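Here is a short briefing on one protein chain. Keep the structure in view as you read.

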Amino acid sequence: AFLGQIFTDSETLFGIVISVMIFILELRKKKRSFLHQILFIGSIVVMAMYLLSLPSFWLFLTFTIIFLLLKGVEISGEVLFKDSPWNKKRIIIIETTESTAKAGKKIRNPWFDNERIGTNIYEWDDLNITALAGDTIIDLGNTILPKEDNVIMIRKGFGRTRILVPFGIGIMLDHSTFKGNVIFEGQTYELKNETLNLYSEDYDSSPRKLKIATSTLFGDVEVIRI
């Protein structure tokens with residue numbers, strides 16, 4: 001959309017091309033007179049004015065900044081933003097106990113997935129997670145799921161989600177994303193503003209089933225057997 005908007009607007013295209021040509025010509029000169037210094041600075045200013053007038057440029061710039069903040073920027077061997085809250089992981093290790101009488105409860109979701117859950121043993125309950133950004137790891141290795149449909153629901157803006165599921169549990173995954181990859185049963189799927197629905201081979205025959213519903217803007221989802 002950014003390049004398309006430039007090439008479809010003849011005035012903008014002409015102004016940017018002329019500015020770039022002047023910029024390159026003046027950049028190659030080792031010594032510049034006062035007039036050539038004005039031309040050099042003027043070409044930068046004109047080029048910036050044309051670019052800043054494009055709505056698609058601001059959209060491109062916004063996504064670029066978000067990507068750099070989430071992935072981190074490496075300068076001279078140091079990675080900036082690596083300790084930001086959205087780059088930390090939320091680890092959920094579930095160990096279950098016997099079922100008890102059900103009761104309502106209220107749980108506050110963190111903005112960023114930077115906490116560790118699972119230090120206590122508790123009864124299995126369906127998970128409903130909402131976060132703005134961050135990596136989430138859900139480990140069901142020590143979990144005995146009830147013989148019924150069990151649900152994990154995750155809504156997230158940015159970040160990777162990894163769910164570790166023991167063998168013998170049928171899995172259904174329903175995932176939607178603006179952009180990201182899905183790894184499921186050893187297969188990798190690339191999604192761009194799409195929804196994907198997958199079932200494990202043993203889903204129909206398994207007495208214990210896990211339904212996973214996830215939605216993200218940007219980020220990968222991995223469902224791994226352990």
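Which residues form one aromatic cluster? Phe-158, Phe-178 and Phe-218 do. The model is predicted. The protein has 4 helices and 12 strands.

**The whole chain**
- Of the 226 residues, 34% count as buried.
- The accessible surface comes to about 14400 Å². Carbon and sulfur atoms account for 61% of that surface.
- Take the contacts between residues at least 6 apart in sequence: 69% of them join residues at least 24 apart.

**Strand S9 and its partners**
- S9 covers residues 170-184. S9 pairs with S10 in the antiparallel sense, over 12 bridges.
- S9 and S10 form a hairpin with 2 residues between the strands. In this hairpin, Glu-185 takes a positive phi near 55°.
- S9 also pairs with S11, in the parallel sense, over 9 bridges. Here Thr-177 has Thr-216 as its bridge partner in S11.
- Strand S12 spans residues 221-225 and pairs with S9 in the parallel sense over 3 bridges. Phe-184 stands opposite Val-223 in S12.
- In a regular strand, side chains alternate between the two faces of the sheet.

**His-175, within S9**
- Find His-175 in strand S9. Is His-175 buried or exposed? His-175 counts as buried because its relative accessible area is 0%, and the cut-off for buried is under 20%.
- The side chain of His-175 makes a polar contact with the side chain of Thr-214, at 2.6 Å.
- Beyond its neighbours within four places in sequence, His-175 is in contact with several residues, including Val-182, Leu-191, Glu-194 and Thr-195. Ser-215, Thr-216 and Val-221 are also among them.

**Aromatic rings**
- How many aromatic pairs are there? The count comes to 3.
- Phe-178 and Phe-218 form an edge-to-face pair. Their ring centres are 5.3 Å apart, with 70° between the planes.
- This pair links distant parts of the chain. Phe-178 is in S9 and Phe-218 is in S11 (residues 209-218), 40 residues apart.
- Phe-178 counts as partly exposed because its relative accessibility is 42%. Phe-218 is partly exposed too, at 23%.
- Tyr-199 and Tyr-203 also pair edge-to-face, 5.1 Å centre to centre and with 70° between the planes.
- Tyr-199 is partly exposed, with a relative accessible area of 48%. Tyr-203 is buried, because its value is 9%.
- The charged end of Lys-209 sits over the ring of Tyr-203, 5.5 Å from the ring centre.

**Tyr-189, in S10**
- Tyr-189 lies in strand S10, which runs through residues 187-199.
- Tyr-189 counts as partly exposed, because its relative accessibility is 27%.
- Leave aside its neighbours within four places in sequence. Tyr-189 is then in contact with Gly-180, Asn-181, Val-182, Phe-184, Leu-196 and Leu-198.

Definitions and conventions: Residues are numbered from 1 along each chain as its sequence is written. This is a predicted model: local features need pLDDT of at least 70, side-chain atom pairs count only at pLDDT 80 or more; totals for chains, interfaces and linings use all residues. Side-chain values use heavy atoms; hydrogens and water are left out. Buried means under 20% relative accessible area, exposed over 50%, partly exposed in between (1.4 Å probe, protein chains only). Contact means heavy atoms within 4.5 Å. Rings of Phe, Tyr and Trp (its six-membered ring) pair if their centres lie within 6.5 Å; planes under 30 degrees apart count as stacked, over 60 as edge-to-face and the rest as tilted. A charge sits over a ring if NZ of Lys or CZ of Arg is within 6 Å of the ring centre and within 35 degrees of the ring normal. Accessible areas come from the Shrake-Rupley method with a 1.4 Å probe; for residues, only the protein chains shown count as cover. A polar contact is a pair of N or O atoms within 3.5 Å; within protein, one must be able to donate a hydrogen and the other to accept it, and residues adjacent in sequence count only if both atoms are side-chain atoms. Two strands pair if DSSP finds at least two bridges between them.
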